[in-house]
Amino acid sequence: MDLLTPKVADIIAHAPSLSGDLTVEDLGLTREDLTLRGALAVGLDFRVVGKTICVTGVLEGTAIRQCVRCLKEFDDPLAFAVHVVYERAAKPPSFPMKPEQTTRKRAAVMVQVHPEEEPDDNLYYYSGDHLELAPMLREQLILASPMHPLCKEDCLGLCAQCGKDLNEGPCHCRGELGESPFLSLWDRQGKARNSANR
Ligand SMILES: [Zn+2]
Ligand SMILES: [Zn+2]
């Protein structure tokens with residue numbers, strides 16, 4: 001059974017557990033989304049609950065992220081659980097319904113089908129005879145990524161003037177100008193010179 005496209009009939013018959021290694025290409029991730037060192041180890045359990053298919057599992061790997069302060073790339077161990085639910089997508093109506101009918105019908109379906117209400121982040125739809133897991137895994141990986149990655153909590157970042165990585169030690173501009181009352185004057189003159197040159 002294909003890890004990324006398991007057949008619904010097989011899930012119903014066997015409630016399988018699937019595992020394997022996936023690459024960024026398998027998942028259709030772009031470099032802007034996520035870069036991985038090596039493959040992503042994925043283990044997923046499938047089971048049918050009423051009209052839904054529950055997918056639970058664990059994703060493990062190593063992401064390569066860029067620190068927002070020092071701009072260095074660093075390895076970020078990645079391990080998190082997924083718990084999502086798939087529902088068969090409702091067939092579109094064969095003739096257009098009046099807007100108020102559509103709204104009312106949808107509201108009624110929500111109440112009947114989701115008495116225990118799953119959060120929207122974890123609800124996916126399938127159509128046809130198999131699940132498409134790649135879009136879900138992509139989304140879960142991106143949701144699990146930090147907005148502002150830091151190589152370490154107390155990363156000192158780069159000097160705004162000379163660009164030196166301050167994690168490697170203080171730079172000279174700090175020593176000479178850091179606490180100096182002339183810094184702001186120097187700064188203004190520097191800016192004036194820059195704009196004069198333009
Ligand atoms: Zn850093
Ligand atoms: Zn500096």
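A nonpolar core is a set of buried Ala, Val, Leu, Ile, Met, Phe, Trp, Tyr and Cys residues joined through C-beta atoms within 7 Å. The legends below refer to a predicted model.

**Figure 1. Overall arrangement of helices and strands.** The protein contains six helices and six strands. Along the sequence these elements follow the pattern α-β-α-β-β-β-β-α-β-α-α-α. Of the 198 residues in the protein, 13% are buried. Among contacts with a separation of 6 or more, 58% are between residues 24 or more positions apart.

**Figure 2. The largest nonpolar core.** This core has 19 residues, and Phe46, Ile53, Val55 and Tyr86 have the most contacts inside it. At least two core residues come from each of strand E3 (40-49), strand E4 (52-66), strand E5 (73-88) and helix H4 (134-143). The most is given by E3, which supplies four residues.

**Figure 3. Surroundings of Phe46.** Phe46 is one of the residues with the most contacts inside the largest nonpolar core. When neighbours within four places in sequence are left aside, the contacts of Phe46 are Pro6, Ile11, Ala15, Pro16, Ile53 and Val55. Two of these partners, Ile53 and Val55, are also listed with Phe46 among the core residues with the most contacts.

**Figure 4. Pairing of E3 with E4, and the turn between them.** E3 and E4 run antiparallel and are joined by nine bridges. Within this pairing, Val48 has Ile53 in E4 as its bridge partner. The two strands form a hairpin with two residues between them. In the turn, Gly50 has a positive phi of about 60°.

Figure 5. Arg65 has Phe74 in E5 as its bridge partner. The hairpin of E4 and E5 has six residues between the strands. Leu71 is found in this loop. Its phi is near 65°, a positive value in a residue other than glycine. Most residues other than glycine have a negative phi. Leu71 counts as exposed because 12 other C-beta atoms lie within 10 Å, and the cut-off for exposed is 12 or fewer.

**Figure 6. Strand E2 beside E4.** Strand E2 (residues 35-36) and E4 run antiparallel, with two bridges joining them. Thr35 stands opposite Ile64 in E4.

**Figure 7. Ala15 in the loop between H1 and E1.** Ala15 is located in the loop between helix H1 (8-14) and strand E1 (17-22). Phi of Ala15 is positive, near 40°, in a residue other than glycine. Ala15 is partly exposed because it has 13 C-beta neighbours inside 10 Å, whereas a residue is exposed at 12 or fewer and buried at 20 or more. Ala15 is in contact with Phe46.

**Figure 8. His172 and Cys159.** His172 is found in helix H5 (residues 172-178). His172 is exposed because 12 other C-beta atoms lie within 10 Å. The C-alpha atoms of His172 and Cys159 are separated by 9.9 Å, and the two residues are 13 residues apart along the chain.

Key
Residues numbered from 1 in each chain as written. Chains lettered and ligands numbered in written order. Predicted model: local features only at pLDDT ≥ 70, side-chain atom pairs only at ≥ 80, totals over all residues. Contact = placed C-beta atoms within 7 Å. Pairing = 2+ DSSP bridges.
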